[in-house]
Amino acid sequence: MTTKVAIFGVGLIGGSLALCLKGKPGITVIGHSHRPESMTRIMERGVVDAATLSMEEAACDADFIFLCVPVGNLESYLKQLTQLPLKQGCIITDVGSTKAAVASCAQGFSHPGVHFIGGHPMAGSERSGVDAATSLLFENAFYVLTPSPEVPEEAYVRLEQLLTYTRAQIVRVEPMLHDEIVGAISHLPHIIAVALVNQVRDYNENNELYRMLAAGGFRDITRIASSDPIIWRDILLSNRDVLLSLLRDWNQEVGGFISMLEGMDGPGIEKAFEKANLFRSELPERRKGAITSLFDIYIDVPDHPGIIGQIATELGVRKINLSNIQIIESREDVPGVMRLSFRNEGEMERAKEHLQTLGYTVHM
Ligand SMILES: NC(=O)C1=CN([C@@H]2O[C@H](COP(=O)(O)OP(=O)(O)OC[C@H]3O[C@@H](n4cnc5c(N)ncnc54)[C@H](O)[C@@H]3O)[C@@H](O)[C@H]2O)C=CC1
Ligand SMILES: O=C(O)C(=O)Cc1ccc(O)cc1
């Protein structure tokens with residue numbers, strides 16, 4: 001017996017899910033695209049078994065339907081789906097970054113014998129589109145599911161079992177609690193990163209030195225400001241109330257620093273850093289969280305031409321994928337270093353081991 005999985009919106013997340021499921025025993029993956037050009041691309045990338053522009057063709061007979069479109073389109077997709085003759089027992093799920101809005105919308109559109117279970121794989125990147133999709137995206141990440149109390153346990157377990165192919169850890173959370181927590185640890189940081197980059201961008205209008213000196217660390221801590229504008233417009237608008245409250249609290253935090261600076265309150269500043277330091281040291285290390293970690297190592301390198309090529313070749317022949325390579329001319333604690341970035345911990349560890357056997361000194 002085959003299990004048919006339909007994926008609506010085969011971009012970064014839909015394409016990555018398709019890659020996790022395609023070729024698994026008894027599973028057929030069909031991708032739905034709303035544009036002919038994207039359909040050609042998803043077939044070329046080979047992430048699905050078949051692709052179609054027809055919603056009906058994708059959804060009919062499907063055992064699982066994944067909605068992987070921008071959050072602002074979920075309501076209209078759900079509405080259209082509930083007007084189709086879906087298979088008895090079909091599970092509709094989504095991957096949207098907010099959960100309360102889609103949960104209340106799903107309550108309104110009932111379809112006998114079909115269950116909706118909200119979902120949010122908490123892994124991703126600033127990139128978008130099927131070209132950025134990878135089967136490793138969700139490995140060791142948290143995958144939140146937000147079933148309403150009416151969803152039969154049997155349906156929840158079936159979805160959970162299918163998702164084992166993602167190698168993510170499933171966590172069950174109430175939709176509103178999800179939005180409050182993810183608002184604080186993912187949505188607010190995205191707003192702050194964008195605001196910070198735009199603030200520096202404005203200063204740079206009058207002095208190009210800002211852009212030049214912002215290389216390295218500033219670029220890293222603001223990586224998420226390069227995220228897709230449409231995806232993020234929808235996320236922020238959908239989590240509006242939570243974000244307004246978080247931004248008011250953020251204003252208070254900023255206000256605290258203004259007061260401490262105005263009052264030359266050295267001990268207050270020290271205490272703020274100490275408190276943050278302590279809480280940060282208690283955060284789980286090197287586990288995939290809401291914001292993707294950078295997996296970077298630093299190696300001491302001799303200053304001679306061709307060194308980048310040499311290192312890249314060494315890693316290339318061992319099929320270790322580098323996502324970035326950069327010579328850093330001066331770092332306060334480690335002079336003369338090269339930074340190597342990887343997309344996951346496994347690649348980083350293999351690179352570290354190999355470079356150490358070649359005699360390089362590796363720093364984390
Ligand atoms: N980007 C990330 O890292 C993460 C995103 N998410 C959620 O996953 C969903 C998909 O995001 P991504 O895969 O990053 O985006 P993406 O832009 O890579 O993919 C979106 C897909 O939806 C399709 N689509 C269908 N109807 C559309 C319409 N009317 N307008 C625009 N696109 C339409 C696009 O063609 C594309 O294939 C979003 O709901 C997002 O909140 C969840 C976890 C992580
Ligand atoms: O780029 C990053 O690190 C992200 O923050 C990716 C991301 C984007 C949206 C989500 O709902 C979850 C993860």
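These legends describe close-up views of a predicted model.

**Figure 1. Overall fold of the predicted protein.** The protein holds 14 helices and twelve strands. Its radius of gyration is 23 Å, close to the 21 Å that the globule rule gives for 364 residues, so the protein is as compact as a globular protein of that length. The C-alpha trace spans about 65 × 55 × 40 Å along its principal axes. Of the 364 residues, 41% count as buried.

**Figure 2. The surroundings of ligand 1.** Ligand 1 is surrounded by 24 residues. The closest are L12, I13, V69, S97 and G129. The side chain of S97 places an N or O atom 2.7 Å from an oxygen atom of ligand 1. I13 contributes a backbone N or O atom, 2.9 Å from an oxygen atom of the ligand. N73 brings a polar side-chain atom to 3.2 Å from a nitrogen atom of ligand 1. Taken alone, ligand 1 exposes 820 Å², and the protein buries 84% of that area.

Figure 3. The residues around ligand 2 include H120, G124, S125 and E126. Also among them are S97, H190, R223, I224 and W232, as well as A290, I291 and T292. For H120, a polar side-chain atom lies 2.6 Å from an oxygen atom of ligand 2. E126 uses its backbone: an N or O atom there is 3.3 Å from an oxygen atom of the ligand. Ligand 2 exposes 340 Å² when taken alone, of which the protein buries 93%.

Figure 4. The structure holds 16 salt bridges. One of them joins the side chains of K87 and D63, at 2.9 Å from N to O. The two residues are 24 residues apart. K87 sits in the loop between α4 (74-82) and β5 (91-94). D63 sits in the loop between α3 (55-59) and β4 (64-67). K87 is partly exposed, with a relative accessible area of 34%. D63 counts as buried because its relative accessibility is 15%.

**Figure 5. Further salt bridges.** Side chains of opposite charge can pair when their charged atoms come close. E208 and R211 meet through their side chains at 3.0 Å, N to O. E208 is partly exposed at 47% relative accessible area, while R211 counts as exposed at 56%. D234 pairs with R233, and their closest N and O atoms are 3.0 Å apart. D234 is buried, with 7% relative accessibility. R233 is partly exposed, with 45%. Elsewhere, salt bridges with shared partners join R41, E44 and D131 into one network.

**Figure 6. A nonpolar surface patch.** L177, I181 and I185 form this patch, with about 250 Å² of accessible area together. I181 lies in helix α7, which covers residues 175-204. I181 counts as partly exposed because its relative accessibility is 44%.

**Figure 7. Two loop residues with positive phi.** N140 has a phi near 65°, although it is not a glycine. N140 belongs to the loop between β6 (115-121) and β7 (142-147). K319, also not a glycine, has a positive phi of about 55°. Its loop runs between α13 (307-317) and β10 (324-328). K319 counts as exposed, at 66% relative accessibility.

Definitions and conventions
Residues numbered from 1 in each chain as written. Chains lettered and ligands numbered in written order. Predicted model: local features only at pLDDT ≥ 70, side-chain atom pairs only at ≥ 80, totals over all residues. Heavy atoms only, no water. Patch = residues over 30% accessible without salt bridge, like charges linked within 9 Å, V, L, I, M, F, W, Y side chains within 5 Å. Areas by Shrake-Rupley, 256 points an atom, 1.4 Å probe, with all protein chains shown as cover. Salt bridge = Lys/Arg side-chain N within 4 Å of Asp/Glu carboxyl O. Helix = DSSP H or I, 4+ residues; strand = E, 2+ residues; numbered from the N terminus. Buried < 20%, exposed > 50% of the residue type's maximum accessible area, 1.4 Å probe, protein only. Near = heavy atom within 4 Å. Polar contact = N/O pair within 3.5 Å; in protein donor to acceptor, adjacent residues only side chain to side chain. Rg over C-alpha atoms; globule rule 2.2 N^0.38 Å.
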